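The tour goes from one selection to the next.

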Amino acid sequence: MSINKVREYLKEFQKETQVLELDKSSATVDLAAKALNVIPARIAKTLSFRKDDYCILVVTAGDTKIDNKKFKQTFGLKAKMLTPDEVINLTGHAIGGVCPFALKNPNIKTYCDISLQRFDTVFPACGSSNSAIELTCDELFKISKSEKWVDVCFLKE
C-alpha cells in the first residue's frame, strides 16, 4: 500500500507518526479541504507532467492552475499531464493520493510552486485517497527533495 511506503519514507524526517488517515476521501482538493477543515488553497496538490520517458512533479496550492506559458519558460516543454496509468506506473501513487514522497522512480524531479508560500502550513497527500500530512513550506520542500521553487501557476478565478 502506498501510504505505508510514505510512512516508511517519512521516518527519515521523523514525520511518520504525523500522517493523517481520514475517515472521508481526500482525493480532490475540495474533498481534502472539507475533510481537513481548511481552505482549499492550503491543500498542496501534486501534479505530474510528462518529460521524456519519465515525469516531473509540481506541488502547487489547491487554488491554482498551471500557467502554460510560465511552465514552458521554466521547464522548456509543454505542460502535458500524465494519464492515470502513467501516474501510478511512474510515481507508485494513484490519482487522488499522489504525493512527492516515496516515489517509485528515482529519476522523477519534484518542484514546489511559490503559490504555497502564502501559508504557514500546507497539506499534501500521503499516498492514498484519504491521507494527508501538515507541513511547513520549508518542510515540504526538504522532505520532497525538491529541486527548486518555481513560479508556474496562476490563481483560479
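Start with a pair. Select Asp113 and Val150: the aspartate stands opposite the valine, which belongs to strand S9. Keep in mind that this is a predicted model.

**The sheet**

Now show S5, residues 109-113, together with S9. These two strands pair in the parallel sense, over two bridges. Widen the view to the whole sheet. It is open, with six strands in the order S8-S6-S2-S3-S5-S9 and mixed pairing.

Which strands stand at the edges? Select 135-136 for S8 and 149-150 for S9. Each has a single partner strand, so one side of each is left without a neighbour in the sheet.

**The helices on the sheet**

Next, select residues 84-91. This is helix H4, lying across S2 and S3 and running at about 100° to S3.

**Both ends of H3**

Go back to H3, residues 68-75, and zoom in on its start. Show the Asp67 side chain: one of its oxygens reaches to within 3.0 Å of the backbone nitrogen of Lys69. Then move to the other end. Just after H3, Gly76 takes a positive phi of about 70°.

**The aromatic rings**

How many aromatic pairs does the structure hold? There are six.

Select Phe49 and Phe71 for one of them. The ring centres are 4.7 Å apart, the planes make 50°, and the pair is tilted. Phe49 sits in strand S2 and Phe71 in helix H3, so the pair links distant parts of the chain, 22 residues apart.

Now select Phe75 and Tyr111. Their ring centres lie 4.8 Å apart with the planes at 70°, so this pair is edge-to-face. Phe75 is in helix H3 and Tyr111 in strand S5, so the pair ties together parts that are 36 residues apart in sequence. Phe75 is buried, with a relative accessible area of 12%. Tyr111 is also buried, at 11%. The cut-off for buried is under 20%.

For the last stop, show Phe49, Phe71, Phe75 and Tyr111 at once. Together they form one aromatic cluster.

Methods
Residues numbered from 1 in each chain as written. Predicted model: local features only at pLDDT ≥ 70, side-chain atom pairs only at ≥ 80, totals over all residues. Heavy atoms only, no water. Polar contact = N/O pair within 3.5 Å; in protein donor to acceptor, adjacent residues only side chain to side chain. Helix = DSSP H or I, 4+ residues; strand = E, 2+ residues; numbered from the N terminus. Pairing = 2+ DSSP bridges. Contact = heavy atoms within 4.5 Å. Axes fitted to C-alpha atoms, helices over the stretch in contact; angles between N-to-C directions. Phe/Tyr/Trp six-rings, centres within 6.5 Å; stacked < 30°, edge-to-face > 60°. Buried < 20%, exposed > 50% of the residue type's maximum accessible area, 1.4 Å probe, protein only.
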